[in-house]
Amino acid sequence: APAWRSGALLAQDALAMLGQPYGNGGADPSGFDCSGLVSYAAKRAGILVPRTAQDQQHAGVPVARDALRAGDLVFLHLSSKDLHVGIALDATHFVHAPSSGGQVRVDSLSARPYSSAFLSARRLVFPP
């Protein structure tokens, strides 16, 4: 399958978890942290990624912010945590497990606090 289709599947798998609770260190529907949501959705899409956001920053290949597409990993530096990761749905929106007491949700990369927090993005390499 073309990479963009696999990316779309990854985004769909993450979207299927909308509303699930945040759980520190969590990587399943009973509770997700940011990188746990990424590794869970990736596993469902048939790809293994590292478990932590720090390690996920080295997965796949770099992609420019203005070239984001569904399934790309977006990395942010938020004041509440050093490194935050989510999954792009398109060039402007991403799905993520935001923080303690929150739940998996969609936010805009152009809204605060995310607009000034963008660090980098990575496109995962899917098996053929």
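How many salt bridges does the structure hold? Before I answer, let me say what we are looking at, which is a predicted model in which local features need pLDDT of at least 70, side-chain atom pairs count only at pLDDT 80 or more, and totals for chains, interfaces and linings use all residues. Residues are numbered from 1 along each chain as its sequence is written, and side-chain values use heavy atoms, with hydrogens and water left out.

The term pLDDT stands for the predictor's confidence in each residue, on a scale from 0 to 100. For this protein the mean pLDDT is 92, and 95% of the residues reach 70 or more. Among the elements, helix H1 has the lowest mean pLDDT, at 87, while strand S6 has the highest, at 98. When I say helix or strand, I mean a DSSP run, numbered from the N terminus, with at least four residues (H or I) for a helix and at least two (E) for a strand.

Now to the opening question: the structure holds four salt bridges, where a salt bridge is a side-chain nitrogen of Lys or Arg within 4 Å of a carboxyl oxygen of Asp or Glu. I will go through some of them, and for each I will also say how covered the residues are, using the words buried for under 20% relative accessible area, exposed for over 50%, and partly exposed for what lies in between (1.4 Å probe, protein chains only).

Arg 44 is partly exposed at 46% relative accessibility, whereas Asp 13 is buried, with a relative accessible area of 13%.

Another salt bridge is formed by the side chains of Arg 51 and Asp 33, at 3.1 Å from N to O. Arg 51 lies in the loop between H2 and H3 and Asp 33 in the loop between S2 and H2, so this pair ties together parts that are 18 residues apart in sequence. Here Arg 51 is partly exposed at 30%, and Asp 33 is buried at 10%.

Then there is Arg 105, which forms a salt bridge with Asp 107, the closest N and O atoms being 2.6 Å apart. Arg 105 counts as partly exposed, at 35% relative accessibility, and Asp 107 is buried, at 17%.

Let me return to helix H2, residues 34–44, because nine of its eleven residues are buried and the helix is therefore largely enclosed by the rest of the structure. Among those buried residues are Cys 34, Leu 37, Val 38 and Tyr 40. Just after H2 comes Gly 46, which takes a positive phi of about 90° and sits in the loop between H2 and helix H3. Gly 46 is partly exposed, at 49% relative accessibility. As background, most residues other than glycine have a negative phi, and most peptide bonds are trans.

A search of the whole structure finds two aromatic pairs, which are rings of Phe, Tyr and Trp (its six-membered ring) whose centres lie within 6.5 Å, called stacked with planes under 30 degrees apart, edge-to-face over 60, and tilted for the rest. In one of these pairs, the ring centres of Phe 94 and Tyr 114 are 5.2 Å apart and the planes stand at 80°, so the pair is edge-to-face. Phe 94 is in strand S6 and Tyr 114 in the loop between strands S7 and S8, 20 residues apart. Phe 94 is buried at 0%, and Tyr 114 is buried at 6%.

Finally, strand S8 has paired strands, where pairing requires that DSSP finds at least two bridges between the two. Two bridges join strand S3 to S8, running antiparallel, and Pro 62 has Arg 122 as its bridge partner in S8. Four bridges join strand S4 to S8, again antiparallel, with Leu 76 partnered by Phe 118 and Val 74 by Ala 121. S4 is mostly covered, with five of its six residues buried.
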